[in-house]
Number of protein chains: 2
Amino acid sequence: MQKVEHIGIAVKELSASIPLFEILLNTNCYKTEIVESENVKTAFFKKGETKIELLESLSNKGVIAKYLEKHGEGMHHIAFEVSDIEAEMKRLMQAGFQLMGTIPKVGADNKLVCFIHPKNTNGVLIELCQSISGK
Amino acid sequence: MQKVEHIGIAVKELSASIPLFEILLNTNCYKTEIVESENVKTAFFKKGETKIELLESLSNKGVIAKYLEKHGEGMHHIAFEVSDIEAEMKRLMQAGFQLMGTIPKVGADNKLVCFIHPKNTNGVLIELCQSISGK
């Protein structure tokens, strides 16, 4: 794991949260993106080497919709950049962490991603991500 | 706001969570510190320009104890580094954000800190921090 690539924040409505975070972070949202596989629309901000990724659910059945129902708005996950996601998945699996999926899948922002189940990480949902172009 | 200085994670017991995060992050905890004013013991890890700060409560009355009781273990706050905390507090207050305190206080890791109330930030507890030595 090389750095905190982004922090994911679950919100109800990007239309309200994008201008709020633009003022809060004092920087413009530079990209929005729909991730069909996850049923989410995302909005990105940059601070130093880390992105802040707001996540709005596109349906009432996706993971973000379920999160909002259970927890309300707030921090959803921390994503760490890795150079070789398959090697990192293997390392963590062998150390006893429970991965959500056995192979990486394509996530937002042109990344291969894999999540680690929060029950083994003190309640923190961790994402591993690797730039597809950077492999 | 310049970068994500650290991400705070509330845990029940550092004695269990430090070795867990050392394996997870593949790096050693490089410092622990007691912050008397907050009734917490902290443990720090570094990934890129960002720290991961684990927080254990030293009493059953502190903010972390209350957080654990309500939410369980998990992500507690995001701290952004600022170069002039008083100017940033003024900017955010004028923009309508509610600050927790009108003057910065001394937090962990030799920093002046101020928190922004999560009710105005989509449920995310935001910390502003400025290195005391860097002022």
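Predicted model: local features only at pLDDT ≥ 70, side-chain atom pairs only at ≥ 80, totals over all residues.
**Entry 1**

Helix 3 of chain A supplies Glu88(A), Arg91(A) and Leu92(A), while helix 1 of chain B supplies Ile23(B), Leu24(B) and Leu25(B). Sorted by class, the contact has four nonpolar residues, two charged residues and no polar ones.

**Entry 1: how the chains are related**

I then checked the relation between the two copies. Chain B is superposed on chain A by a rotation of 180° with 0.0 Å of shift along the axis, and the RMSD is 0.0 Å. That is the relation of a two-fold axis. Within chain B, the C-alpha nearest the axis belongs to Met75(B), at 3.4 Å from it. Both copies use the same surface, since 100% of the contact residues of chain B recur in chain A.

**Entry 2: cysteines**

How many disulfides does the structure hold over all chains? I found zero. I looked at Cys129(A): the closest cysteine sulfur is in Cys114(A), 11 Å away, which is too far for a bond. A disulfide needs the sulfur atoms within 2.5 Å. Cys129(A) counts as buried because its relative accessibility is 0%.

I repeated the check in chain B. Cys129(B) is in no disulfide, and the nearest cysteine sulfur, that of Cys114(B), is 11 Å away. Cys129(B) is buried, with a relative accessible area of 0%.

Methods
Residues numbered from 1 in each chain as written. Chains lettered and ligands numbered in written order. Heavy atoms only, no water. Least-squares fit on C-alpha atoms with pLDDT ≥ 70 in both. Contact = heavy atoms within 4.5 Å. Helix = DSSP H or I, 4+ residues; strand = E, 2+ residues; numbered from the N terminus. Nonpolar A, V, L, I, M, F, W, Y, C, P; charged D, E, K, R; others polar. Buried < 20%, exposed > 50% of the residue type's maximum accessible area, 1.4 Å probe, protein only.
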